[in-house]
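Welcome! Please take a look before reading on.

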Amino acid sequence: MVLDIVPPAVFVLAAALLMAVIPQRRIAHGIGILATGGVAAISWFVPEGAHVEVLLFGAFDAIIYNVDPFSRLMGLIFGIIGVVAVLYSYASDAENIQTAIALSYVGTSIGTVYAGDWLTLVFFWELMAVTSTLLVWHYGGAAVRAGFRYAVLHGIGGSLLLAAIVWHYVEVGSVAFAANPGIVSGIPAALAAVGIGVNVGFVGLHAWLPDTYPRPHIAASVFLCVFTTKTGVYGMFRAFPDGHLWIAYMGGAMAVFGAFAALLQSDMRRLLSYHIQSQVGYMVAGVGLGGAAIGYGGSKYYYDALATAGAFGHVFNHILYKALLFMAVGVIIYRTGKESLDEVGGLGRKMPLTAITFAVAALSIAGFPGFNGFVSKGMIIGAADKKKLEALWILLLIGGVGTFLSFIKLGYFAFIEGEYTGEVKDANTGQSVAMVSVAGLCVAFGVAPNLLVTILPVPAEAYEYTTFTVPHVVEGVGLALAGLVGFAILRGPLHHIGRVPDIDAVYNRVAFYGGRGVIVGTTELFAAVDRVAVRFVRLCYWAGSNPVSVVLRVSRQLPRSLQPAFAREDISADGGSISRLYIRAGVGTSVLILVAVLTLVLLVAL
């Protein structure tokens with residue numbers, strides 16, 4: 001079958017090329033919807049184990065297309081959200097070329113998750129960085145500088161991952177996932193963790209995220225919020241299928257840091273961007289707590305399957321509610337032209353559909369019972385509890401409180417308090433269809449958790465977990481109440497907080513001034529060396545033209561008793577100037593002398 005041998009990324013990349021040349025927006029975006037919908041269908045129906053092997057450069061057995069439960073889930077959700085994002089782009093007046101670039105970004109992301117070896121993965125990984133950078137740059141303005149910083153950081157991360165893969169190949173002798181479970185331990189694993197950590201937003205490596213995602217077109221942000229970080233989680237699992245405790249704790253730190261950094265923002269998309277880091281932190285914690293590796297040929301083994309199921313369930317759920325949040329905020333910006341919470345207010349009365357879909361997404365991301373985030377987030381927190389990792393468990397709960405606080409703040413100041421004075425309409429038809437469809441999925445997977453469990457890459461029989469238990473529901477409601485109380489106390493100060501600087505305020509300046517210092521220092525060093533060299537050449541030229549003067553000047557520096565007689569005679573009794581005696585030779589004489597010397601040398605040598 002064609003589905004068994006043609007990677008799904010091919011269809012999306014072909015659609016991107018067509019979109020770039022077709023002038024009619026409706027037709028072009030229709031092609032994009034068909035292509036991404038086709039990826040979802042392929043991911044659902046293609047048989048497990050289908051793969052395509054090729055020989056690269058006569059040396060590497062590369063698996064450019066591989067279907068297993070993990071890649072299938074990623075392809076499925078990427079295809080579903082791709083349909084929604086293209087529809088939203090069309091409804092939000094995105095240009096064909098912008099959506100074409102976005103589709104190329106989707107295609108490279110799909111190529112990454114369907115890779116069956118490290119070489120193919122890093123190839124599409126780097127293309128994903130290029131296409132997403134182009135998507136940011138296309139908007140122009142402030143997005144250009146942000147895109148440059150984004151490209152630099154992802155270039156560094158990709159280079160570290162590539163170094164890990166090269167080292168891994170030297171150790172294992174193969175780049176195939178099946179050759180070794182994960183990246184070999186030691187330095188390669190450390191390089192891979194940091195390289196992938198750039199994509200997922202490790203604390204300290206995360207500043208590109210809130211710096212970049214608020215800059216481009218609102219439709220571009222919907223694409224950006226989905227693919228890079230979630231592909232990073234997938235890559236983290238491939239590198240560490242058995243998990244790692246330090247990775248789990250980094251996930252906990254991300255969950256807390258991202259949530260409370262978001263709480264301090266007034267720019268709506270910047271607030272949402274910090275919550276990408278926070279929610280991806282839960283996924284990273286799930287990967288770190290343990291993994292399930294599925295080998296080729298049907299052999300399977302599981303280690304702490306609940307954590308892995310929760311991590312990939314949260315990937316699936318997060319893509320839905322985070323895309324919905326960016327779409328809802330995007331509608332506010334689309335209708336008002338305002339990015340900051342300080343410039344909007346009371347929009348719930350004028351934009352009821354947007355307010356309702358936002359509320360669904362906010363309750364989903366916060367993990368309130370009855371919404372999809374409650375299901376997958378609870379699995380990860382439960383895995384930490386079962387492993388008796390109390391510190392990590394507490395971090396994940398604190399992150400949950402911060403999430404409630406942040407979205408109560410965003411919803412209250414955007415839709416409830418105040419009164420936006422300008423004329424404003426609700427979402428248009430295309431935007432409404434996109435948002436309502438995703439909101440429906442958030443509720444469906446929340447009230448019927450088995451819908452999610454059946455498509456997860458880890459079979460339900462591999463772990464024990466019940467979604468709706470009294471302690472779990474009490475936990476979800478308790479986090480919500482804590483968030484409400486916290487907001488009631490902090491509402492005043494939170495309303496007056498502007499943009500709070502992050503670590504990029506430090507390293508951007510260090511990079512700028514440090515880079516300028518290196519350039520200026522190098523330039524000045526070169527100039528100094530050049531001046532010395534020029535003076536030396538001039539001195540040599542003068543010495544060659546005035547050998548007697550050189551001898552006399554050198555002799556005059558010696559004690560008089562050591563000066564040669566001719567030097568003493570040339571010095572006048574009254575200390576006057578030395579006599580002027582020049583020895584000069586023309587070109588012909590010089591050549592004759594040179595030939596004579598060389599001839600003599602040759603005769604002696606022979």
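Let us begin with a pair of strands: E1 (residues 51-56) and E2 (residues 60-66) run antiparallel and are joined by six bridges. Strands pair if DSSP finds at least two bridges between them, and helices (H or I, at least four residues) and strands (E, at least two) are DSSP runs, numbered from the N terminus. Within this pairing, Leu55 has Asp61 of E2 as its bridge partner. The hairpin of E1 and E2 has three residues between the strands, and Phe57 there takes a positive phi near 55°.

A word on the basis of all this: the model is predicted, with local features needing pLDDT of at least 70 and side-chain atom pairs counting only at pLDDT 80 or more, while totals for chains, interfaces and linings use all residues. Residues are numbered from 1 along each chain as its sequence is written, and side-chain values use heavy atoms, leaving out hydrogens and water.

Next stop: Thr133, in helix H6 (residues 118-137). Is Thr133 buried or exposed? Thr133 counts as buried because its relative accessibility is 5%, where buried means under 20% relative accessible area (1.4 Å probe, protein chains only). Its side chain reaches the backbone oxygen of Ala129 at 2.7 Å. Setting aside residues up to four places away in sequence, Thr133 touches Gly147, Tyr150 and Ala151, a contact being heavy atoms within 4.5 Å.

On a 1 Å grid over the protein atoms alone, a cavity is a set of points where a 1.4 Å probe fits but cannot get out, and a pocket is an open set with protein on both sides within 12 Å along at least five of seven lines; lining residues have an atom within 4 Å of a point. The structure holds one cavity of 30 Å³ or more.

| Space | Volume | Top helix in the lining |
|---|---|---|
| Largest pocket | About 640 Å³ | H20, eight residues |
| Largest cavity | About 80 Å³ | H15, five residues |

Of the 20 residues lining the largest pocket, Arg149, Tyr507, Asn508, Ala511 and Phe512 lie nearest its centre. Helices H7 (142-172), H8 (187-200) and H20 (504-545) each supply at least two residues of that lining.

The lining of the largest cavity includes Phe374, Lys377, His472 and Glu475. Helix H15 (372-386) and helix H19 (470-495) each supply at least two of the lining residues there.

Definitions and conventions: Buried means under 20% relative accessible area, exposed over 50%, partly exposed in between (1.4 Å probe, protein chains only). A polar contact is a pair of N or O atoms within 3.5 Å; within protein, one must be able to donate a hydrogen and the other to accept it, and residues adjacent in sequence count only if both atoms are side-chain atoms. Grid points are joined across faces, edges and corners, and a volume is the space filled by probe spheres set on the points.
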